[in-house]
Amino acid sequence: MMNQVNSPGLWALAWRRLKADTVAMISLAVVSLFMLLLLLSYSGLIAADWDTEAGVSYAPPSFLHTAGQPSGQPHSKPEAAPVVTDNPLDPLRDVIRELNQNQGNKDAAATSSQPINIDGSEVVDPIAQELAEVQAELANKQQAQIQERADSLPFGADKWGHDIIKKTIKGAETSILVGIVAALLATLLGTLFGATAGYFGGRVDDFFNWFYSIFTSIPYLLLILSVAAVLQQKGVGTIILILALTGWTGPFRLIRAEYMKHKAREYVWAADAIGASHLRKMFIHIFPNISHVALVQVSILVVGFIKSEVILSFLGFGVPVGTVSWGSMLNEAQNELILGKWWQLTAATAAMALLVTAFSLFTDALRDALDPKLK
């Protein structure tokens with residue numbers, strides 16, 4: 001008696017095809033590396049101190065740093081303020097001189113507990129000594145912070161002395177998070193709308209097609225900017241909402257076509273014969289057979305939404321002040337490039353190009369692997 005051999009399923013066959021594709025596996029490794037950086041950054045294990053002033057303003061990369069002052073040393077001493085002499089023709093000369101003398105007496109009182117004479121009465125500041133000690137301590141800390149700033153960093157610093165590498169990792173957290181969450185929401189909306197339209201047909205299908213035509217008749221970038229201008233509120237959640245509300249049209253078109261094709265097949269008739277409800281037939285019987293289409297759409301939308309977030313942040317409609325992303329880095333870098341400081345632009349562009357290219361190649365390979373027509 002022969003042993004029965006179970007044929008591999010769709011996902012097992014897809015994984016076999018992916019493993020046989022060298023480009024797909026390299027792309028998957030790059031994408032996995034970025035996902036690992038996202039998790040480590042989100043948990044605070046790396047790049048948590050990205051906003052620390054680790055270097056001097058516009059510190060160059062280490063491989064461009066020329067010999068000069070040793071790292072950690074003060075760069076220059078502030079010049080003495082110019083001496084301002086009295087104007088003999090100034091009618092308020094005596095008044096200004098008296099005010100300056102009174103101010104000098106008050107400053108002296110802040111650094112000494114000795115009584116001073118103001119308008120014939122002696123005034124003693126009881127906390128003058130403590131205040132002087134606090135001011136001296138703050139001055140020492142500020143001087144120590146200045147001395148601790150590095151003259152160069154592995155890939156340079158921005159205007160505020162932030163490490164470009166840590167800033168790029170933190171920016172990747174924002175951009176990738178926006179891309180993934182917005183892609184999931186957009187695919188969810190497109191799946192719900194497409195499943196409803198394709199399964200029921202008739203007037204329901206006509207309504208969703210009319211709604212779909214309105215969204216697709218407006219240029220995509222213009223639609224995004226219009227929704228951003230209407231919301232008038234910056235934030236990561238706002239960007240995700242904007243991209244999800246404007247990006248569901250692609251999944252809708254494909255899911256609708258798949259539901260129109262599958263609702264007339266025998267296994268759906270069998271489910272209808274045993275009294276299955278519409279929701280059960282839509283999402284328990286039909287959807288598992290077309291889930292690969294939704295998965296591919298998620299992968300495609302992640303790439304597009306990462307680029308859309310960069311465009312929105314570059315134009316000023318994206319993340320708020322205090323939140324870093326690749327788009328905000330490019331927005332800052334346009335002014336730095338005029339001064340010849342190219343390292344922030346290079347870091348953000350290289351990271352985005354590497355992730356988008358790897359994700360695009362992996363998406364193409366995944367789409368081919370999940371195609372049931374390929375044997």
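The N-terminal end of α2 is capped by Asp21, a side-chain oxygen of which lies 3.2 Å from the backbone nitrogen of Val23. The model in which this contact occurs is a predicted one. With 21 residues at 1.5 Å a residue, α2 should span 30 Å, and the distance of 30 Å between its end C-alpha atoms agrees with this. Buried positions along α2 are Ala24, Ser27, Val30, Val31, Phe34, Leu38 and Ser41. Viewed down the helix axis, the buried residues of α2 fall within an arc of 130 degrees, so they line one face of the helix. Thr22, Ile26 and Leu39 are exposed and are carried on the face of α2 turned away from the buried side. Gly44, with a positive phi near 85 degrees, follows α2.

The chain as a whole contains 13 helices and two strands. Of its 375 residues, 35% are buried. Among contacts between residues at least 6 apart in sequence, 74% join residues at least 24 apart.

The largest nonpolar core comprises 39 residues, of which Leu243, Phe305, Trp326 and Leu355 touch the most other members. Two or more residues of this core come from each of α2 (22–42), α5, α7 (220–231), α8 (236–246), α11 (278–315), α12 (326–338) and α13 (343–369). The greatest contribution to the core is that of α11, with eight residues. Beyond its neighbours within four places in sequence, Phe305 is in contact with Gly179, Ala182, Ala183, Ala186, Tyr220, Leu243 and Gly247. Another core, of ten residues, lies apart from the largest one; Ala195, Tyr259, Val268 and Ile290 are among its members.

His162 is located in the loop between α4 (128–148) and α5 (164–200). The relative accessible area of His162 is 11%, which means that this residue is buried, the cut-off being under 20%. A polar atom of the His162 side chain lies 3.2 Å from the backbone oxygen of Asp51. When residues up to four places away in sequence are not counted, His162 touches Trp50, Asp51, Thr52 and Glu53, together with Gly156 and Ala157.

Definitions and conventions:
Residues are numbered from 1 along each chain as its sequence is written. This is a predicted model: local features need pLDDT of at least 70, side-chain atom pairs count only at pLDDT 80 or more; totals for chains, interfaces and linings use all residues. Side-chain values use heavy atoms; hydrogens and water are left out. Helices (H or I, at least four residues) and strands (E, at least two) are DSSP runs, numbered from the N terminus. Buried means under 20% relative accessible area, exposed over 50%, partly exposed in between (1.4 Å probe, protein chains only). A polar contact is a pair of N or O atoms within 3.5 Å; within protein, one must be able to donate a hydrogen and the other to accept it, and residues adjacent in sequence count only if both atoms are side-chain atoms. Contact means heavy atoms within 4.5 Å. A nonpolar core is a set of buried Ala, Val, Leu, Ile, Met, Phe, Trp, Tyr and Cys residues joined through side-chain atoms within 4.5 Å. The expected span of a helix is 1.5 Å times one less than its number of residues. The arc is that of the directions from the helix axis to the C-beta atoms.
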